[in-house]
Amino acid sequence: MLAPSDPTVIQSEPLLPPAEAAPPDTPALGGVAATPAPEAAPPATTMTPPAAPPSSAPQTVLLSPDWQPRGIATLQALDKHDVRVARIEVPVGQSGHFGALTIAVRACLARPPDQALDAAAFLEVSDARPGAPGFSGWMFAAEPALAILENPIYDLRVLACH
């Protein structure tokens with residue numbers, strides 16, 4: 001498994017073929033027993049798993065071939081106590097600040113213009129207040145509820161990557 005220090009790649013493994021499902025022996029509606037379908041003859045050819053890559057190192061791929069890396073993350077931050085909203089632009093590999101939050105952007109990906117608009121950023125967020133919760137992971141612009149910063153004072157979301 002890869003270390004979380006490289007958020008732009010995931011480990012990929014080949015999938016096994018699905019197991020064949022057996023027909024259930026349950027009665028049909030109306031009290032009439034269902035008759036099981038006759039078993040089909042096994043296929044003439046058998047499936048073999050794909051050959052292992054020549055290297056014994058694990059293969060890694062980007063999240064999707066459609067996502068494209070970008071250099072700047074545009075974020076929206078909310079201070080619930082002061083009712084203050086700010087747009088923050090943070091370059092990948094650098095950190096930005098909002099109130100007591102330090103927001104480090106590790107990666108920022110966007111879909112190409114011919115696809116549905118979306119952006120995803122890998123963020124590491126820390127709060128300077130003792131005992132305050134932080135965040136480390138992917139946030140998506142189109143689905144902000146998938147991964148949220150659970151903080152009593154601050155909200156944070158990704159708007160775009162460019």
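Reply: A nonpolar core is here a set of buried Ala, Val, Leu, Ile, Met, Phe, Trp, Tyr and Cys residues joined through side-chain atoms within 4.5 Å. Buried means under 20% relative accessible area. The model is a predicted one.

The largest nonpolar core has 25 residues. Those with the most contacts inside this core are Leu-75, Ile-103, Leu-123, Val-125, Leu-149, Leu-156 and Val-158. Two or more residues come from each of β4, β5, β7, β8, β9 and β10. The most is given by β7, which supplies five residues.

Val-158 shows what such a position touches. Leaving aside neighbours within four places in sequence, Val-158 is in contact with Thr-74, Leu-75, Ala-119, Ala-121, Leu-123, Met-139 and Ala-141.

Strand β8 covers residues 119–127, and seven of its nine residues are buried, so the strand is largely enclosed by the rest of the structure. In a regular strand, side chains alternate between the two faces of the sheet.

With a relative accessibility of 11%, Asp-127 counts as buried, because the cut-off is 20%. The side chain of Asp-127 makes a polar contact of 2.8 Å with the side chain of Arg-129. Another polar contact, of 2.9 Å, joins the side chains of Asp-127 and Asn-151. When residues up to four places away in sequence are not counted, Asp-127 touches Ala-100, Leu-101, Ala-132, Pro-133, Asn-151 and Tyr-154.

Cys-108 and Cys-161 form a disulfide, with their sulfur atoms 1.7 Å apart. This pair links distant parts of the chain, 53 residues apart, with Cys-108 in β7 (residues 101–110) and Cys-161 in β10 (residues 154–161). The link is left-handed, with -90 degrees about the S-S bond. Both cysteines, Cys-108 and Cys-161, are buried. The disulfide count comes to one.

Ala-145 sits in the loop between β9 and β10. Its relative accessible area is 68%, so Ala-145 is exposed. Ala-145 is 12 residues from Arg-157 in sequence, and their C-alpha atoms are 9.2 Å apart in space. Val-83 lies in the loop between β4 (72–79) and β5 (84–91). Val-83 is exposed as well, since its relative accessible area is 68%. Although Val-83 is not a glycine, its phi is positive, at about 50 degrees.

Conventions
Residues are numbered from 1 along each chain as its sequence is written. This is a predicted model: local features need pLDDT of at least 70, side-chain atom pairs count only at pLDDT 80 or more; totals for chains, interfaces and linings use all residues. Side-chain values use heavy atoms; hydrogens and water are left out. A disulfide is a pair of cysteine sulfur atoms within 2.5 Å. Helices (H or I, at least four residues) and strands (E, at least two) are DSSP runs, numbered from the N terminus. Buried means under 20% relative accessible area, exposed over 50%, partly exposed in between (1.4 Å probe, protein chains only). A polar contact is a pair of N or O atoms within 3.5 Å; within protein, one must be able to donate a hydrogen and the other to accept it, and residues adjacent in sequence count only if both atoms are side-chain atoms. Contact means heavy atoms within 4.5 Å.
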